[in-house]
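Keep the structure open as you read.

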Amino acid sequence: MSHSPASRSALIDLVHQWHQSGIPWSPSGLGTRLDWGPPLDPRHEVLSCRQLNRVIDHAVDDLTITVEAGLPLQDLQDLLKEQGQWLPIDWPRAGAPGSIGGLVARGLAGGLRHRHLGVRDQIIGIGLLRADGTEAHAGGRVVKNVAGYDLMRLLCGSWGSLALITELTLRLQPLRPARSSLIVDGELADQEAFRSELLRSSLTPERCDWINNGNGTWQLRLVVSSVSEQAVEDQLKRLESLALQQQLSAQRQPCADALTTSVEASPSAQLVRLVLPPAQLQQLLRDEALTALKPWCWELAAGTGCGDGWCDMATPDHQLEALRRSVIRLGGEMTLLKRAAGSTVPAWLDRPSRPLIEAVKRQFDPKLQLSRGRLPGVNQQTL
């Protein structure tokens, strides 16, 4: 059953009751992605923050904002756009963006990390509610305040297993009105040489992604943004010259909005997340385990090594397991964010730090009430 208290005091009272009764429950933002990751016990209560959606403070001149965790990301970006600002984080693949608290709890990042770093790097303050109903805060409301830094990083990507995120203070960026994208085609080896040279240069594209629309052909897509059209034009010319040196073709495409550059996946698609060293991505793109996945689409950040693959058709478990083995062999990790019905592939595997992860879990949630079966870094099949 899903509960959505109308006030913070009502939310705290409810958590107190559940703690005293030992009732398991799962933190939630808008509840749009409860089916992601390891399956939750259907007997869990679900606690939604959808009614805790206020903007607490927006320091426009300081480029910071403090919001309640249930604020939809779309509403947040719309509000910031009116002030010529934005929060430079990738929206979760497939469907509506969801809440800002849910986005932080999953800790996923994509191509915007190339220039703006990841979700956890945008957080300068956080409020949380422990499983026993105790409120806590870390960080502050100014960029220079770094108190509680480790706690903020700990909760980012915790998937609701440690605490309910109730409030966030975030660093913002000014919107850059001038922008364009460049699609680079050619042989994979030449594209990799272009990517390597780009990372060594002084060029600063907003993102650089390997993309594949399900046809088996890989392209590099670059997005360039600035405060002036001339600055964008200068960067595009340098990028085109660099592509020509590597015997690649480059085609410009319009790119009107900073928030709509990613390729969309359908809400029903299988979805995997890959994270591995950027220099190893080219080997993975050639690997038989990945090329056998047809007609999968891919968007992988060429500069940071993280990204997603998705497909509307059910894929046999043995093919997903083969892909995971290849990713691990190349020094990376694979997370199955959303799987097909009947699939038994675990969302994630045990990490070497599993004993430490479980010790932290016991400190935050001694009764193990939160998100049972869903602890990042611990295989849910052996939890």
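Arg221 and Asp209 form a salt bridge, with their closest N and O atoms 2.7 Å apart. A salt bridge here is a side-chain nitrogen of Lys or Arg within 4 Å of a carboxyl oxygen of Asp or Glu. The model is predicted: local features need pLDDT of at least 70, side-chain atom pairs count only at pLDDT 80 or more, and totals for chains, interfaces and linings use all residues. Residues are numbered from 1 along each chain as its sequence is written, and side-chain values use heavy atoms, leaving out hydrogens and water.

**The Arg221 pairs**

- Arg221 sits in strand E13 (residues 219-226) and Asp209 in strand E12 (residues 207-212), 12 residues apart. Helices (H or I, at least four residues) and strands (E, at least two) are DSSP runs, numbered from the N terminus.
- Both Arg221 and Asp209 are buried. Buried means under 20% relative accessible area, exposed over 50%, and partly exposed in between (1.4 Å probe, protein chains only).
- Arg221 also forms a salt bridge with Glu299, the closest N and O atoms being 3.2 Å apart.
- Glu299 lies in strand E16 (residues 297-301) and Arg221 in strand E13, so this pair ties together parts 78 residues apart in sequence.
- Glu299 counts as buried because its relative accessibility is 3%. Arg221 counts as buried at 7%.
- Salt bridges that share partners join Asp90, Arg93, Arg207, Asp209, Arg221, Arg273, Glu299 and Asp308 into one network.

**Other salt bridges**

- The count comes to 27 salt bridges.
- Asp121 pairs with Arg153 in a salt bridge, with the closest N and O atoms 3.1 Å apart.
- Asp121 is in the loop between helix H4 (113-116) and strand E7 (123-129), while Arg153 is in helix H5, 32 residues apart.
- Arg153 counts as partly exposed because its relative accessibility is 23%.

**The largest pocket**

- The largest pocket has a volume of about 1,100 Å³. A pocket is an open set of points on a 1 Å grid over the protein atoms alone, where a 1.4 Å probe fits, with protein on both sides within 12 Å along at least five of seven lines; lining residues have an atom within 4 Å of a point.
- Of its 39 lining residues, Cys156, Gly157, Glu333, Arg351 and Pro376 are the closest to the centre.
- Helix H11 gives the most to the lining, with 4 residues.
- The lining divides into 19 nonpolar, 9 polar and 11 charged residues.

Methods:
Points joined across faces, edges and corners; volume = space filled by probe spheres on them. Nonpolar A, V, L, I, M, F, W, Y, C, P; charged D, E, K, R; others polar.
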